[in-house]
Amino acid sequence: MLAAALKRLFIPALILLGLLAGPLTAHAADNDPPARAGRVSEVIGDAWLFDTESKDWVRVTRNQTVAEGDRLRTDERARVSLSVGSTSLWLDERSDLEFSQLDEGRVLLLLAKGDLGLRLRSQEAVSEYKVQTREGKFYAEQQGLFRVEQLDRGSRAYNFEGRMRFEFERGEASQPVWLEDGEQGEFWWAGGPRTERQRLNNDGFGDWLLAQSRAEGDRFASGISQRYVSPETTGADELDRHGRWESSSDYGNIWIPTTVAVDWAPYRYGRWAWSRHWGWTWVDDAPWGYAPFHYGRWVSYGGRWGWAPGVYVARPVYAPALVGWVGGVSVSVGGSYGYGNRPHYGWYPLGPREVYRPPYRHSPAHQHRINIDPDPVTVKRPQRSNRDVAGAVSYLPGQGAAVRALPAAGIGPVRPLPTAPARNELATVLPARAVVDAQVKRAPPDMPWRSENLGRRERERDRQQQLNDVSGPLPSARPMPEVRSEVQAPQQTQPQQRRERPETQRNEMFQAQQQQQQQQQQQQQQQQSQVRQATDRAMEQMRERQGPSRPPGFERQPERSTERSTERQRSPEPQAQQPQAQAPVPMPVPARPQIEAPRPQQPQPQRQDDAGPRRNRAEDGQRANGERRRGEVER
């Protein structure tokens, strides 16, 4: 009887506890940091990462971690390559990108300025990634290579491979727009949604994207590392180029780097960088130094260091640095407290059976995912800690000193720390470290840039406008006056003068003909320039009514003014030809009248109104005297 009553009370109590534990577990999981992070694969030029805590821009280096909420910027002639698992991203010069969301199942990229290239290699990434601009959002519907550009008055997308969709940010009645292979589109809002689609027109950044995508695609397609680690392990594509795989009965599959320093040990050659999500994060100097320092464990195998990724996990959880910390106040043999000759702070790589305790706020489920371990029956692993391995502990001997290897005699007295030191504790003893050339590359001289893809017509028009502003219109733009003698000689005297000085008369006639030919050529050039200017004005008026123009595209006003001032300094050649164009025509001497040289018929100068297609003519498609269609002018 009593047992039945207790049973009736116990079952509802269990149900109530389960209902209460559910929200608590969900709340604890919400406090977990992001399980995914991005890697800076390569930096060309100067790129910057905004530190939200210090409110300052920090220089970006290779193998640096980017996370949710981070903001990246690139300077003039700078580019950044990034990777998140199997997905690759490329940022062009003068670009501004923010990782609004970066976690499992969601990636939202806010492109405020510039160009962004995106390579999606899995169907899961296709459903996760979104790129947002001021006009709307871009979604990939198939695996492929895409590019999104934020213009001054709109957005532009390039679909190199795959299929993508664009949805306007405003306007509930606006319909989505799809782009197929080899197609690009421009999107803007002018009283309503506006779209312009055309075939793909590539430029310097597009060619660079294709080359980078092919190179990385070959590594993903033929990589041996994918047999042992998931392609979603960020940085795993670099392992095959810098090491080899071996099999161990104690640790399973092990990756061993081929080229390291004599005193090399994991987490020694690099630097510590602060992250608001995870705290102190390791940034390694080696080109392959990302995946082995944020996933798996390190083992001392056959007198060498090897990386053991452990069991195959499709979606591994990112860790800032899988190390154990040592240092702080310790107890000496005599019972006194102090530092002595021991390091202020030190660290060592964790082994396969050592537990990593995150220093940041986390849930038990998050810690379990980082410390996941395979069945010990199939893989036997010893209980030895890497802290006892000679040369494994790296430490900071003092303020501003370089990282060193702790001698074997000093390992015993060192006290292990339960967690990583705080930001102000470790920052005071970190050495000042300048950015090395191996981590930040300089742009090759033959690399194409977006600033070099500006329209030639814009530059030619600027030069012509500058020439007109400095020296005014050329004399050949006005009708050339006739050259006549001030004294008219009698008709009967002309044969006598011709017989007396035939050589002088021929020279003067030849000079007059030369002057006339030069003036005619200058007049034709001026007329052609007027035609181009009038045509460009008509085309600009049409573009203002229609929205974003076709490539070369829009240019920001500060950038256009900068380029124009540079070109003004580089174009003194037209001014040097000005004196020759304004040379006066020699007049005949009054005392010796001469016969006028035969003058070829001069073309009538065109009026300014007829110098090119006017606005109504450009719209009607007419072709009047002195006008050209748009295609002919551009060619």
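**Exercise 1. Which residue does R119 meet in a salt bridge, and where do the two lie?**

Step 1. The side chains of R119 and E161 meet in a salt bridge (3.0 Å, N to O). A salt bridge here is a side-chain nitrogen of Lys or Arg within 4 Å of a carboxyl oxygen of Asp or Glu.

Step 2. R119 is in strand β9, and E161 is in strand β13 (residues 155-161). The two are 42 residues apart, so the pair links distant parts of the chain. Helices (H or I, at least four residues) and strands (E, at least two) are DSSP runs, numbered from the N terminus.

Step 3. R119 is buried at 17% relative accessible area, while E161 is partly exposed at 37%. Buried means under 20%, exposed over 50%, and partly exposed in between (1.4 Å probe, protein chains only).

A note on the model: it is predicted, so local features need pLDDT of at least 70 and side-chain atom pairs pLDDT 80 or more, while totals for chains, interfaces and linings use all residues. Residues are numbered from 1 along each chain as its sequence is written, and side-chain values use heavy atoms, with hydrogens and water left out.

**Exercise 2. Find the salt bridge partner of E128, and say which parts the pair ties together.**

Step 1. E128 forms a salt bridge with R315; their closest N and O atoms are 3.1 Å apart.

Step 2. E128 sits in helix α2 (residues 123-128), R315 in the loop between β23 and β24, so parts 187 residues apart in sequence are tied together.

Step 3. E128 is buried at 7% relative accessible area. R315 is partly exposed at 25%.

**Exercise 3. Is H294 buried or exposed, and what does H294 touch?**

Step 1. Locate H294: helix α5 (residues 291-294).

Step 2. H294 has a relative accessible area of 1%, so it is buried.

Step 3. List contacts, meaning heavy atoms within 4.5 Å. Not counting residues up to four places away in sequence, H294 touches several residues, including T65, W282 and Y318.

**Exercise 4. Which residues touch the most other members of the largest nonpolar core?**

Step 1. Know the term. A nonpolar core is a set of buried Ala, Val, Leu, Ile, Met, Phe, Trp, Tyr and Cys residues joined through side-chain atoms within 4.5 Å.

Step 2. This core has 50 residues, and Y267, W272, W298, W307, W325, W347 and L426 touch the most other members.

Step 3. Elements giving two or more residues to this core include β21 (279-284), α5 and β27 (345-349).

Step 4. A second, separate core of 37 residues includes L116, V126, A157 and F168.
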